[in-house]
Amino acid sequence: ICQEVQEEWRAQKKDKKIIVSHDTIIQRLQGRRSCQQANSENHAWLTPEEEENVVAYLLDLAARGFPLTHKTLKLHVDTLLHARLGEAFPETGVGHNWTDRFSTHHADHI
């Protein structure tokens, strides 16, 4: 099974250095989250509901003829998070890389 997964991932990623641990396959088959999933769920600024609301807001702006910009996204998200987290949210807000990752993650919707 590991070899089949390695070959599939290599074909998808076009990388010949992928090695899949037997333990990783077993854990994933048993329902364990990937590191990426765990980090996203445990360290995300936005809740899943907030993410959906931000995407809906961006789509509404686009329908009204306003293009998506990093500045618009950052301002909206910073306002939302500052309202929810107060002083626990950094004054500088989310970083430029955050808006890049958000846009990439939701590219199929926005």
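I begin with Trp45, which counts as partly exposed because its relative accessibility is 30%. In these terms, buried means under 20% relative accessible area, exposed over 50%, and partly exposed in between, with a 1.4 Å probe and protein chains only.

Two remarks on the source. This is a predicted model, in which local features need pLDDT of at least 70 and side-chain atom pairs count only at pLDDT 80 or more, while totals for chains, interfaces and linings use all residues. Residues are numbered from 1 along each chain as its sequence is written, and side-chain values use heavy atoms, with hydrogens and water left out.

Next, the aromatic pairs. A search of the whole structure finds two of them. Rings of Phe, Tyr and Trp (its six-membered ring) pair if their centres lie within 6.5 Å; planes under 30 degrees apart count as stacked, over 60 as edge-to-face, and the rest as tilted. Trp45 and Phe89 are edge-to-face, because their ring centres are 5.0 Å apart and their planes stand at 80°. This pair links distant parts of the chain, 44 residues apart: Trp45 is in the loop between α3 and α4, and Phe89 in the loop between α5 and α6. Helices here are DSSP runs (H or I, at least four residues), numbered from the N terminus. Phe89 is buried, since its relative accessible area is 5%.

The pair of Trp98 and Phe102 is stacked, at 5.1 Å centre to centre and 20° between the planes. Both residues lie in helix α6, four residues apart, about one turn of the helix. An α-helix has 3.6 residues a turn, so residues three or four places apart point the same way.

How is α6 itself arranged? In this helix, residues 96-105, the buried residues are Trp98, Thr99, Phe102 and Ser103. Seen down the axis of α6, they fall within an arc of 130°, so they line one face of the helix; the arc is that of the directions from the helix axis to the C-beta atoms. On the other side of α6, His96, Asn97, Arg101, Thr104 and His105 are exposed. The cover over the buried residues of α6 includes α4 (48-63) and α5 (70-85), where contact means heavy atoms within 4.5 Å.

Finally, two loop residues. Leu68 lies in the loop between α4 and α5 and counts as partly exposed because its relative accessibility is 41%. Ser34, in the loop between α2 (22-29) and α3 (35-43), counts as buried because its relative accessibility is 16%.
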